Amino acid sequence: MLPRRCSAQLWWLAAANLGVLVLLALRLSDHISRERPTTTLDRVLKSGVLRVGITADYPPFTLRCSGGAGAVGSDIDEAADLARSLGATLELVLTTWSELEDALVASSFDIGVGGISDTLQRRRAAAFSMPYIAGGKVLVARCDSPLLALDGWAALRAVPSLGDLAVNPGGTNERSIRAELPLARVVLVEANGEQFDLVVRGQVNGTVTDRVEAQLRLRCGGPCPPAARGDDLCHGPLLQPGRKAYMLPRDDLVWARYVDGWLEGRLQSGAANASLQRWLRRLLPAAGDAEQCAELQSLDRDVESTIKV
């Protein structure tokens, strides 16, 4: 048995070592806390700014006004409601379909909106909210085109010569044509919407787009209106199903859960669908008229917003 004096010394030594260990643990915990990355939700709440990535070229979801007057559309109204739920200012960040994923990975914006298709290829770089609209790809051609009678990609591939198909670059429309119709000659246009003009003028045989955009641009609810002329545009049957969702940072589960919670409420209440239907019924400013855009921007929105190139 150790003498009482030695026992006391050992006790004090053990207590001192324990104190050092506790101090080190506290310092390590504090360091980890400082180094732990904040979530997108934390950043938006702290900064008071929600950065929303848009291409601003895809009605009814997003459309940019001329003269830098801003942007309008159903998804911008929805983004404004999301910002409102966070007590944040809405900042619109312009991007392109070709740069969409890279801009998100570079943290140029917090959420991407504007009729973005949820695909496996995009999920390599991004996460997605729950879908808010179902649809899919259709062929758009002049109403006298025999291509409109063909049902499915396989039937189109069987055509000896599809000729030229116009499409905007970088999005799922181009990817679908190149993957499913490898023999078609792809004609890329600089701005989304120009491909429809080329079809009308007979310079290309058709284009591929989402059904909701086709119905808006064609101003029809079905493939071919009964009174359509041969040089009018019509769309064919659904080529493949698809869904639209909001693009989110891939590894931020906290932010994804918040967005899904907000979106679920909008869908269950019918507010999200009502917003989309309002924009489908409105005459969108085809040329981006600044005055008309200003009037449309004032509707359904009470959140301050800015647009950033």
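Which hand does the link of Cys143 and Cys234 have about the S-S bond? With 85° about that bond, the link is right-handed. Keep in mind that this is a predicted model, where local features need pLDDT of at least 70, side-chain atom pairs count only at pLDDT 80 or more, and totals for chains, interfaces and linings use all residues. Numbering runs from 1 along each chain as its sequence is written, and side-chain values use heavy atoms, leaving out hydrogens and water.

**The disulfide**

- The count comes to one disulfide, taken as a pair of cysteine sulfur atoms within 2.5 Å.
- In the Cys143 and Cys234 pair, the sulfur atoms sit 1.8 Å apart.
- Cys143 is in the loop between strand 8 (133–142) and helix 5 (153–157), while Cys234 is in strand 12 (residues 233–235), so the bond ties together parts 91 residues apart in sequence.
- Helices (H or I, at least four residues) and strands (E, at least two) are DSSP runs, numbered from the N terminus.
- Cys143 is buried at 16% relative accessible area, and Cys234 is buried at 0%.
- Buried means under 20% relative accessible area, exposed over 50%, and partly exposed in between (1.4 Å probe, protein chains only).

**The nonpolar cores**

- A nonpolar core here is a set of buried Ala, Val, Leu, Ile, Met, Phe, Trp, Tyr and Cys residues joined through side-chain atoms within 4.5 Å.
- The largest one has 44 residues, and those with the most contacts inside it are Leu50, Val52, Ile54, Leu86, Leu90, Ile111 and Trp255.
- Elements giving two or more residues to this core include strand 1 (49–54), strand 5 (89–94) and helix 9 (253–269).
- Helix 3 supplies the largest share of this core, six residues.
- Another core lies apart from it, with 13 residues, among them Trp153, Leu162, Ile177 and Ala184.
- Not counting residues up to four places away in sequence, Trp255 touches Thr40, Leu41, Leu50, Leu82, Leu86, Asp110, Leu248 and Pro249 (contact means heavy atoms within 4.5 Å).

**Aromatic pairs**

- The whole structure holds six aromatic pairs.
- Rings of Phe, Tyr and Trp (its six-membered ring) pair if their centres lie within 6.5 Å; planes under 30 degrees apart count as stacked, over 60 as edge-to-face and the rest as tilted.
- Tyr58 and Trp97 have ring centres 6.0 Å apart and planes at 65°, so they pair edge-to-face.
- Both Tyr58 and Trp97 are buried.
- Phe61 and Tyr132 are edge-to-face too, at 6.4 Å centre to centre with 80° between the planes.
- Ring pairs join Tyr58, Phe61, Trp97, Tyr132, Tyr246 and Trp262 into a cluster.
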